[in-house]
Structures are given as structure tokens and as C-alpha cells.
Amino acid sequence: MPVLLWLWIWQQCALASLSEVSHPPQGAPRRDEGLGARPSDFNPGRHARGENIHTVATFDELSASVEGKEEVIALARDIPVASAISVSATMNLSSARADAFALDGQMMDQVLVVLDSGDVVLENIVIRNANAATNGSAIAVLGGSLQLIRCAILGSSSEASGGAVFVSNGSIRVTESNFYDNRAMEGGAVALYESTMTITNSKFRRNSAVLGGAVFVGAQSRLDVSGCIFANNLGTSFASRTSRGGAVYLSESVGSIRDTELSSNSANEGGAIASCVSSLSTTELTMVQNTANFGGAMALEQTHLSDERSHIRWNSAEVGGGLCLTSEAVFDASNSSVKDNVPDDVAESKTAWSRREDATVPQLRDDPPDAIASIAADRRSRELNELETLSPTYSTPEPTALPPLPGSSADPATGVASMKNKPQTPSLTSTPVPTASPTV
């Protein structure tokens, strides 16, 4: 009898255990949780709304889904892109698994064109090897809107503006994304014209352009940056054009940069940032080891810079190791640290102006341009080793040829690439602004 009782108790316990497995208590983790799954594995938000996801594995399937205006599309594999895909409706494109799938431009064409009525979200997608003679090799946004969430755009090049992305009369929002090894004439990674851009928690590395090695902000545009890294971006001179803004260049625009690191960027003017006829607000920046001929960290002309709590250190230039202020530039600093720059922290002309409250900025030089030139000439021999990637000539820097882009030809005598629609040489006080939206 005791044996039968114990068997009955064991049976009841076993049944209870099975019931708990089949119907876990409210709030208990499911079996598919806690196994390293990420939101991009299954995109619970879209599934919860019951949206119909079209999974594609070929370029033809992707094109057909876009032409059919399917709103939610998932890549099932890497897809070589045969021609540019135009989007004129709402589209959410993501990878069907945690590891991001890629759209590969094969160095032949653009990848995406977002038209005026297009509203595109790319999530967990890689775009690589795009190449175009026109604006925006990977993505061109022409009046529409674009969001990039946990994306990467790699190794893409344009012979015009926007090595990765070009935006005209549109908007772009970038979150937790990477832009590596892209190049163009303006905006090695991104170029804006009459547009807005918000960048959060993203990285820009090894991008290059004549104006704005990573980002070009022009023609009444607005840039907002927070929590980002700009490192090893390069302003590369081409023909008679002087490079400006190794990381960021602003022209007739407004910028706000917060909690961001800019390091080891270089250009002829403004190793990290160059700005002309613009308004710029910076907060808690870390700007270190940037190099230039003028303004190792920043070169400002007719620009109002308002800075709070930034650290500008160990940058180098021939003039203004930290900042170079000319032509009515204004530097308004509060609780900022500008020191240990070579050969000096700040150089400003007679027409520039500064105000510092509780800042560790030393008294600025107020020398006329000819005195600045004389000082630079005296120091050139000592500082040349720190400017190996730039021209050693002070008054008229010798241009460094932009490396030939894929698909472009190079003059065998000079090694200079032949560029289609070569832009005219701009002046710092008059950067060319298109009267109409550039076309792709």
C-alpha cells in the first residue's frame, strides 16, 4: 500500500511539471528568449502589428516587391544589385536574420533612389561597393525621407557629392550605423543640400572628400549629431581645390554637435571641422590629434561657434593648432579646455572675435594675416613631420590628387583621375550652392 501511494504522488508531481512547461506562469521567460536573440532577429514590432513581410532572395524579387509597393521587405541573402532601385512609396527593408545581409553595388551603379514621395526605413542592412558618376552612390534621397537603423555603408564612391548618401530637399535620420571607406568630391559619406540630418550613436571612419571628408552640409541645411565618432577621415585636395573639413564641412548652414569624438582627421583647412557663413553649436566634444595647415581642430570663417565643456587638445597645424578664426568668425566658449595644441591653441585675425567664460583658453593672438604668415613660415620646418599627409606649402598649398575612383581614368603623366562634371574651384567665402536641386 505505501508503494502505491508513493507511485501516485510521483505521478501527480510529473503531471504538474508538464503543465508548467506547457503553460508557463505569466511573466516567465519563453524558451526562445535568453538565447542571444536580438530584436532584429524577428522584428517583434512588425510581427505584432500583423504586417505581411515579403522575403526576397534575388534582385528581380526585390525589384518586383519595390515596384509592387510592398511596405515590408526582408532580405534572405546577400543580393548583387544590377541597377538602381527607385522608391516612391513607404518601404521598410531589413534582414531576415540577425546577421545583416548586404546589397552589393558591384562598383557598377547606385543602389537606391528615394523619390519625393518615398519614405524609406533600412534596418540591419549593409550597402557596399556602390559607385556612381552622379550624386549619392549608395543612396540618393531626392525630396523623400530616409532612416538608417543599425546599418553600414562601406566602400562606396561618387564622382560628385555623397560617396554613400546624397540628400536634396529631404531628410535623413541615422541611428547606430557605420560609414567606412567612402569617398566623393563633397561629403565622403554624406552630402546635404537644403535638407536636415540627425545622427545618433554612429561611426564615420576613413571617409574622404575635398569638402567634408565624412559629412558635407550645404545650401541651407541643418545637421544634428549626438554620441558619434569621427576618426581618420580625410580632406583630400583635388586639382586646384583645397580640402576643408576632414570630418565635417558646413557652408551657409546650421550645425549642432554634442557628446562626440573627433580624432585623427585631417585636411588643409580644419582638420576635423571647417565652417563658412554658418552657425555651429558644440557641447562636450573631444577633439584630439587632428591635423591641418590652418586650424588643426577647426577652421572658422564668418561662423559663430558656441561651445560648452569641450576638450580640444593635442591637435596640430601651421596656424592655429586648435582653432583658426578668420573673417568675422566668433568663438564663444564656456568651461572649455583648449590646450596642448601645436604650435598654438588659437589663432585669430583682426576681424575675428572671441569671448570666454571660465574657459582654459589662453589669450588669443591678434596678429594681422602677414604676421601669421611669417610665424607659420618660421615654424614650418619644425612642424613638417606632423603634416606629412598635407601640402607643406603655406601660402598656396600644392594639391594632392584624389585617388582614381573605380571606373574613372587617370592621366598617366600626372596620375590625376579624370572626373565627370568636375566642379569649379570654390572659395571659402563663396562655396557654390546649386540654384536647383541636383539631379541623379
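Tutor: A polar contact is a pair of N or O atoms within 3.5 Å, where within protein one must be able to donate a hydrogen and the other to accept it, and where residues adjacent in sequence count only if both atoms are side-chain atoms. This is a predicted model, in which local features need pLDDT of at least 70 and side-chain atom pairs count only at pLDDT 80 or more, while totals for chains, interfaces and linings use all residues. Residues are numbered from 1 along each chain as its sequence is written, and side-chain values use heavy atoms, with hydrogens and water left out.

Student: What lies 3.0 Å from a polar atom of the side chain of Asn124?

Tutor: The backbone oxygen of Ala98 lies at that distance of 3.0 Å, and the limit for a polar contact is 3.5 Å.

Student: Why does Asn124 count as buried?

Tutor: Buried means under 20% relative accessible area, exposed over 50%, and partly exposed in between (1.4 Å probe, protein chains only); Asn124 has 8% relative accessibility, and therefore counts as buried.

Student: Where is the place of Asn124?

Tutor: Asn124 sits in the loop that links strand E8 (119-123) with strand E9 (125-128), strands being DSSP runs of at least two residues, numbered from the N terminus.

Student: What makes E8 mostly covered?

Tutor: Of the 5 residues in E8, 4 are buried.

Student: How do you know which strands pair with E8?

Tutor: Two strands pair if DSSP finds at least two bridges between them. Strand E5 (residues 90-95) and E8 share 5 bridges in the parallel sense, with Asn92 opposite Val121. Strand E12 (residues 145-149) is also joined to E8 by 5 bridges and runs parallel, and there Gln147 is the bridge partner of Val121.
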